[in-house]
Amino acid sequence: MKNIIVGILTIVIFGLMLFTYIGGGAYNGGNRGKVIENIAQITAQQKASAASEEMMNKKEDNKEQDKLTALREKAGNSGAFKVSQAYKSKCSSCHGVNGSGEQNGKKLIGPKLFGLTTEQVYKNLSDFKSGRRENLVMRGLLLKLTDDDLKKFAEEIGDFPRRAQELNK
């Protein structure tokens, strides 16, 4: 009786092995291996597209920085255009008097605002205020401001390039 049970189990095991072999293998082969290859290819493509996007963003940032540098050279003092007292008190300590993100050649805490459109600035401010973008300093500064206040800041910051160009005329 023992031999019959062992014989049946042996046949079942060989049957399972054959089933696995026909199905494409248990590891790294067949359809399962192709899925893993596809995942690797997709990951490589995503990394390549992210790298190219990052390079494009750097080129755009460099263009904006070049424009700002040219304006500084022409104006002599790029911080010479007038900004509101509200901008000076809430924004300039982190983003610079002219929104360049620098002061006296040193990088400040906040990013460059110069060159952003009014819509971009308003969206960023709204996102910080609502908590969709996390930054405790920005959220604290914007928490008690109204939507109209945010629009005024956005309009002022979006107008920086025009103000700087007027200085050069």
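Helices (H or I, at least four residues) and strands (E, at least two) are taken as DSSP runs and numbered from the N terminus. The expected span of a helix is 1.5 Å times one less than its number of residues. The structure is a predicted model, in which local features need pLDDT of at least 70 and side-chain atom pairs count only at pLDDT 80 or more, while totals for chains, interfaces and linings use all residues. Residues are numbered from 1 along each chain as its sequence is written, and side-chain values use heavy atoms, with hydrogens and water left out.

The protein contains eight helices and two strands, in the order α-α-α-α-β-β-α-α-α-α from the N terminus. Of its 169 residues, 21% are buried, where buried means under 20% relative accessible area, exposed over 50% and partly exposed in between (1.4 Å probe, protein chains only). Contact is defined as heavy atoms within 4.5 Å. Among contacts between residues at least 6 apart in sequence, 50% join residues at least 24 apart.

Helix α1, formed by residues 2-22, has 21 residues and extends 30 Å from its first C-alpha to its last, close to the expected 30 Å. This helix is hardly covered, and the count of buried residues in it is zero. Helix α5 has 13 residues and spans 18 Å between its first and last C-alpha atoms, close to the expected 18 Å. In α5 the buried residues are Val121, Leu125, Ser126, Asp127 and Phe128, and their cover includes α6 and α7.

Pockets were located on a 1 Å grid over the protein atoms alone: a cavity is a set of points where a 1.4 Å probe fits but cannot get out, whereas a pocket is an open set with protein on both sides within 12 Å along at least five of seven lines, and lining residues have an atom within 4 Å of a point. Grid points are joined across faces, edges and corners, and a volume is the space filled by probe spheres set on the points. The largest pocket has a volume of about 420 Å³. It is lined by 22 residues, of which His95, Pro111, Leu113, Phe128 and Met138 are the closest to its centre. Helices α4 (92-95), α5 (118-130), α6 (136-142) and α7 (147-158) each contribute at least two residues to this lining. The lining comprises 15 nonpolar, four polar and three charged residues, with Ala, Val, Leu, Ile, Met, Phe, Trp, Tyr, Cys and Pro counted as nonpolar, Asp, Glu, Lys and Arg as charged, and the others, Gly among them, as polar.

Glu156 is located in helix α7 and is buried, at 9% relative accessible area. A polar atom of the Glu156 side chain lies 2.6 Å from the backbone nitrogen of Ser84. Beyond residues up to four places away in sequence, Glu156 touches Val83, Ser84, Tyr87 and Arg163.

Ser92 belongs to helix α4 and is likewise buried, with a relative accessibility of 11%. Its side chain reaches the backbone oxygen of Lys88 at 2.6 Å. Apart from neighbours within four places in sequence, Ser92 is in contact with Tyr87, Val97, Gln103 and Leu108. Val97 is situated in the loop between α4 and β1 (102-103) and is partly exposed, at 34% relative accessible area. The C-alpha atoms of Val97 and Lys82 are 9.0 Å apart, the two residues being separated by 15 residues along the chain.

Definitions and conventions. A polar contact is a pair of N or O atoms within 3.5 Å; within protein, one must be able to donate a hydrogen and the other to accept it, and residues adjacent in sequence count only if both atoms are side-chain atoms.
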